[in-house]
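Here is a short briefing on a helical pair and a few of its residues. Read it with the model open.

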Amino acid sequence: MGKAKAKAKQAKGKMKESAGKAMGDRAMQAEGRGEQMAGKAQEAAHDAGERMRKSGR
């Protein structure tokens, strides 16, 4: 997955968390936080792959 998609997933999660907070929906807040963490993990994996490619491995 590309870095842009990972960032988009993080943004979607942040919006979902905010909406859940506004509505008092703890499940939606947790789901949003989960999406943010998944996006951050995907971004980190992408960055690690880029570093590997740049190092010639």
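Leaving aside residues up to four places away in sequence, Q10 touches Q36, G39, K40 and E43. The model is predicted. Q10 belongs to helix α1. Its relative accessible area is 13%, so Q10 is buried.

**How the helices pack**
- Helix α1 covers residues 3-23, and helix α2 covers residues 26-54.
- The two pack at an angle of about 165°.
- Their axes lie 7 Å apart.
- Angles over 145 degrees count as roughly antiparallel, and α1 and α2 are therefore roughly antiparallel to each other.
- The crossing of α1 past α2 is left-handed.
- The contact of α1 with α2 holds 5 nonpolar, 9 polar and 14 charged residues.

**The buried side of α2**
- Which residues of α2 are buried? They are Q29, G32, E35, Q36, G39 and E43.
- These buried residues of α2 pack against α1.
- Q36, G39 and E43 are among the buried residues of α2, and Q10 touches each of these three.
- K40 is also touched by Q10.

**Length of α2**
- Does the span of α2 agree or disagree with what its residue count leads one to expect? It agrees.
- α2 has 29 residues, and at 1.5 Å a residue these should span 42 Å.
- The expected span is 1.5 Å times one less than the number of residues.
- The end C-alpha atoms of α2 are 42 Å apart in the model.

**R26: an exposed residue**
- R26 lies in helix α2.
- Is R26 buried or exposed? R26 has a relative accessible area of 71%, so it is exposed; the cut-off for exposed is over 50%.
- R26 and H46 are 20 residues apart along the chain.
- Their C-alpha atoms are separated by 30 Å.

**Q42: a partly exposed residue**
- Q42 also sits in helix α2.
- Its relative accessibility is 23%, so Q42 counts as partly exposed.
- Buried means under 20%, and exposed means over 50%.
- How far apart in space are Q42 and E31? The C-alpha to C-alpha distance is 16 Å, for 11 residues of separation in sequence.

**In short**
- α1 and α2 are roughly antiparallel to each other, with a left-handed crossing.

Technical notes
Residues are numbered from 1 along each chain as its sequence is written. This is a predicted model: local features need pLDDT of at least 70, side-chain atom pairs count only at pLDDT 80 or more; totals for chains, interfaces and linings use all residues. Side-chain values use heavy atoms; hydrogens and water are left out. Axes are lines fitted to C-alpha atoms, for helices over the stretch in contact, and angles run from 0 to 180 degrees between N-to-C directions. Helices (H or I, at least four residues) and strands (E, at least two) are DSSP runs, numbered from the N terminus. Angles under 35 degrees count as roughly parallel, over 145 as roughly antiparallel, 65 to 115 as roughly perpendicular and the rest as oblique. A crossing is left-handed if the near helix is turned anticlockwise from the far one by less than a right angle, and right-handed if clockwise. Ala, Val, Leu, Ile, Met, Phe, Trp, Tyr, Cys and Pro count as nonpolar, Asp, Glu, Lys and Arg as charged, and the others, Gly among them, as polar. Buried means under 20% relative accessible area, exposed over 50%, partly exposed in between (1.4 Å probe, protein chains only). Contact means heavy atoms within 4.5 Å.
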